[in-house]
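Subject: A structure for you to explore

Hi there,

Here is the structure I promised to pass on. Have a look at it first, then read my notes below.

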Amino acid sequence: MTVLPSGKTYEVPVGTSLLQALLAVGEAIVSKCGGKAECESCHVFVTAGRKSLSKIQRAENEKLDGMVGVSSQSRLACQALLGSEPVTVQLLSST
Ligand code: FES
């Protein structure tokens, strides 16, 4: 997993959520709802390797639908589980 803007790369076990992985390595990600797809604070852009992540499920999809600033690269980090391929995650400045 490569994280922007820091540009650092980390090895992360398959099946770890992006949120868990980012917290574990000390990157600046906020999780206000504790990973329940309820708060939007863990919104990130996945700029490469999207296909390797777990598919978007209903709760995440509904949340993303109602959010501002969402793009085709958007994921809620707490809902996206890492696969075996490299991914690049761009952190967004959280409010
Ligand atoms: S941590 Fe709240 S939506 Fe992901």
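A residue counts as buried if 20 or more other C-beta atoms lie within 10 Å of its own. By that test, 24% of the 95 residues of the protein chain are buried. Please keep in mind that this is a predicted model.

Let's start with the overall fold. The protein chain has two helices and five strands, and along the sequence they follow the pattern β-β-α-β-α-β-β. Its radius of gyration is 12 Å, close to the 12 Å that the globule rule gives for 95 residues, so the chain is as compact as a globular protein of that length. Among contacts with a separation of 6 or more, 71% join residues 24 or more positions apart.

Next, the sheet. Strands of a sheet pair through backbone hydrogen bonds, either parallel or antiparallel. Here five strands form an open sheet with mixed pairing, in the order β2-β1-β5-β3-β4. At its edges are β2 (8-9) and β4 (74-76), each pairing on one side only. Three bridges link β3 and β4 in the antiparallel sense, and Val44 stands opposite Arg75 in β4.

Finally, which residues touch the most other members of the largest nonpolar core? They are Leu18, Leu19, Leu22, Cys42, Ala77 and Val89, out of 18 residues in that core. Two elements, α1 (18-25) and β3 (43-48), each give two or more residues to this core, and α1 gives the most, with four. Not counting residues up to four places away in sequence, Leu22 touches Val3, Glu27, Ile29 and Ala77.

Enjoy exploring!

Best wishes

Conventions: Residues numbered from 1 in each chain as written. Predicted model: local features only at pLDDT ≥ 70, side-chain atom pairs only at ≥ 80, totals over all residues. Core = buried A, V, L, I, M, F, W, Y, C linked by C-beta atoms within 7 Å. Buried ≥ 20, exposed ≤ 12 C-beta atoms within 10 Å, placed from the backbone. Contact = placed C-beta atoms within 7 Å. Pairing = 2+ DSSP bridges. Rg over C-alpha atoms; globule rule 2.2 N^0.38 Å.
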